[in-house]
Protein chains: 2
Amino acid sequence: MRLRAEVISTGDEVLTGAVVDTNAAYLAEQLTEAGVGVVRHTVVGDRQDTLSELFRSAGKGADIVVVTGGLGPTQDDLTASAAAEAAGVPLVLDAAAMAGIERYFRSRNRHMSETNRKQAMFPEGARVIENPVGTAPGFTMTIGKAVFFFMPGVPHEMRRMMADQVLPSVRKLQGGEGGQNLTRIISTFGFGESDAAQRLAEFVGRFPDLRLGFQVKYPGILIKIYGGDGAPEAVSRRIEAGVAWICTKLGQRVVSVDGSPLERVVGELLKKRGETLAVAESCTGGLISHLLTNVPGSSDYFLFSGVTYANTAKTGILGVSPETIAAYGAVHEETVKEMADGARKAACATYGLATSGIAGPEGGTAEKPVGTVCIGVATPAGIFAERRLFTFGGRLMKKQMFAAAALDLLRGYLQG
Amino acid sequence: MRLRAEVISTGDEVLTGAVVDTNAAYLAEQLTEAGVGVVRHTVVGDRQDTLSELFRSAGKGADIVVVTGGLGPTQDDLTASAAAEAAGVPLVLDAAAMAGIERYFRSRNRHMSETNRKQAMFPEGARVIENPVGTAPGFTMTIGKAVFFFMPGVPHEMRRMMADQVLPSVRKLQGGEGGQNLTRIISTFGFGESDAAQRLAEFVGRFPDLRLGFQVKYPGILIKIYGGDGAPEAVSRRIEAGVAWICTKLGQRVVSVDGSPLERVVGELLKKRGETLAVAESCTGGLISHLLTNVPGSSDYFLFSGVTYANTAKTGILGVSPETIAAYGAVHEETVKEMADGARKAACATYGLATSGIAGPEGGTAEKPVGTVCIGVATPAGIFAERRLFTFGGRLMKKQMFAAAALDLLRGYLQG
């Protein structure tokens, strides 16, 4: 039988919206991929009665409950005492956990505050989950019929503990019944969610054994194919057939069939060809470079970006002709062509990619409204440019759309 | 009496963790700031029985329930029919909503698909909430004793509808009793959450009427002061006293007392002084520029960033001496000093700010491990550099910490 899981996030900072709950999404994704059925996420605040009542009720309905937050050193951190209350056991000091916390502070030459001692108190009978990258250990115990895993809310600590310690325990709980859910993620760019759903409306009829999910990962859309029941090889073949069908339907809008984002796909294309890239950014303000350099190993192909916000930087550093800017303005196909060419030459790169546009909220005109972007591509075979208009979202969303549109134009060129 | 609210997010893509639930945080923050007490967030999947059961139970416990998702055109979108089921009413077509959807598609010259008609079906008695920026209208109705507001899950559509239509309705429901919760957000950089809590441990004793919250907004920490009961002027004076006390305790670690992030504070300092900035980025890969240019109006002071990933770009474009790189390496105080000076001179800026480091996962050595960053600052009065080591997090978290450390070093200099 498939195990049912609940995910609980605690803390007033999450409840009041001061912090976005990225932990729940991460945990749900990990559990789903491990073949566990996530049925609910809940967020509640730092109140011991609310917490212990929620733990008791989750312990009745689910097989596995994963809880984050409330293990810190402050008075707000009530998870351990609420778990003890829900299970009807006292809190006790764990000597090994105490030693681990002391070791953590010593190894970093940091002062251990008195309040950190609280983090070594656990419900009686709980097993400690070590935290190799932070001060708050977690713990696991049974409440009702469910096995609970408690972890700190600090994302990088929680992720490490989930991967190294909680997921192996979850797999043991699954016994022979668990296993990976087969899924594939197709990354796309260039249309909205309902347009994507409409284009793929026939999928359900053609592949009734598979399930399709759409996810806005702005500015693109991820399409997720979930495999059904059956022998892994057969499910895998069906998924491949589904992927191929979707690629035929969507054509150039498919960025990758493994979920890779645009910047990684562009990087892999350049790397495979032994070619290099230089960028000139005005309206994207460094975002194209930031995205490209988030990919490990990007120094193999990414040489330089000139973020030329000032026109004097466009002329002085990229060699754009002041006459071009005077004649056409900074936001124009002719200007971005010279920017792309200038970046390419300045860095001796195979390609140059340039953006100039109006991210807003100010600076728009009737002829060039906020949301206008010109994108230039300089190649060994010549230079070309395009103009696009994106009307929705604020300044950051426009920068994200501009950057993706530029990377996508280069991808289209590289893929011929 | 203070109204109690629940926030519900629906959709398999949220439940399985494919999408991070940023909507719940946004809604909770808006409701909290409006003086409503948020008591719970819940995420459930696209199943009509689960949804209608949850709506019924929320309708018993809360005064206000805000629901996002499930209003789209696809078969997965079950929110309207689940709400109808929970309230025991049929679904009916709303002619005005239908006309609005048709208008939306016509104005964008887009094809309206058959499935979009489904988005004009609402529970009988519901009042439609218009969606001026998308295809899915929302609706409001009573279920049990709670007023429900249903909105689409697309963040920028939901935010617009929340601000323009839902919040004004919430304020009406509050009658004379509502009002703003008085809060202040102090932005800090340079320590961890438990260190911050320890330094401010005496706050509770000194200001028993105020409440303090800590929020990791990586790579900084936000400290939130919540005002207590009482006349607004008196509460406001107490909060100011609390802010002043915290500033004394934390000194230079306080970035702003209005929640402004580093890039905005640096920008405001430059603007006030009529000065300009040029940046040279190696390990931060464009992130410093991206952050600076996220601030509207940044073109007043931000002139140029040279993202010089390749050493040839450091020498060719920034004028770093090849001998310096040969003698010290790309990651060194001497190199970032020349980078900062080169960027400053190339763009004729008042200041130059430069980073070079090792973001990983590869490229570390015993002498310069992954996490090492050198930061250079060039000023009219001279050039200086610092070296730091940040050991935790992956490539992106290291880039974020490096960029913040660089901006913070410049901030410290500008604030003298």
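Predicted model: local features only at pLDDT ≥ 70, side-chain atom pairs only at ≥ 80, totals over all residues.
I looked up one of the partners: A:Val43 has B:His41 as its bridge partner in S2(B).

**The rest of the interface.** Next I asked how many residues of chain A are in contact with chain B. I found 70, in contact with 71 residues of chain B. The two chains bury about 5,600 Å² between them, and 58% of that is on carbon and sulfur atoms. I noted A:Thr16, A:His41 and A:Tyr309, which supply 10% of the area chain A buries against chain B, more than any other three residues.

I then turned to the polar side of things. I counted two salt bridges between the chains; B:Arg211 and A:Asp12 meet through their side chains in a salt bridge at 3.3 Å, N to O. The side of chain A that touches chain B has 32 nonpolar, 27 polar and eleven charged residues.

**The ten-stranded sheet.** I traced an open sheet of ten strands with mixed pairing, in the order S17(A)-S16(A)-S15(A)-S13(A)-S14(A)-S14(B)-S13(B)-S15(B)-S16(B)-S17(B). Why is one side of S17 (382-389) in each chain left without a neighbour? Both S17 strands stand at the edges with a single partner strand each, so one side has none in the sheet. I read an average twist of 10° from one strand to the next.

In chain A, S16 (residues 372-379) joins S17 antiparallel through eight bridges, and A:Thr379 stands opposite A:Gly382. Last, I checked helix H15 (residues 395-414) of chain B: H15 packs on the sheet, touching S13, S15, S16 and S17 of chain B, at about 30° to the direction of S16(B).

Key:
Residues numbered from 1 in each chain as written. Chains lettered and ligands numbered in written order. Heavy atoms only, no water. Pairing = 2+ DSSP bridges. Helix = DSSP H or I, 4+ residues; strand = E, 2+ residues; numbered from the N terminus. Axes fitted to C-alpha atoms, helices over the stretch in contact; angles between N-to-C directions. Contact = heavy atoms within 4.5 Å. Buried area = accessible area lost by both parts, 1.4 Å probe. Salt bridge = Lys/Arg side-chain N within 4 Å of Asp/Glu carboxyl O. Nonpolar A, V, L, I, M, F, W, Y, C, P; charged D, E, K, R; others polar.
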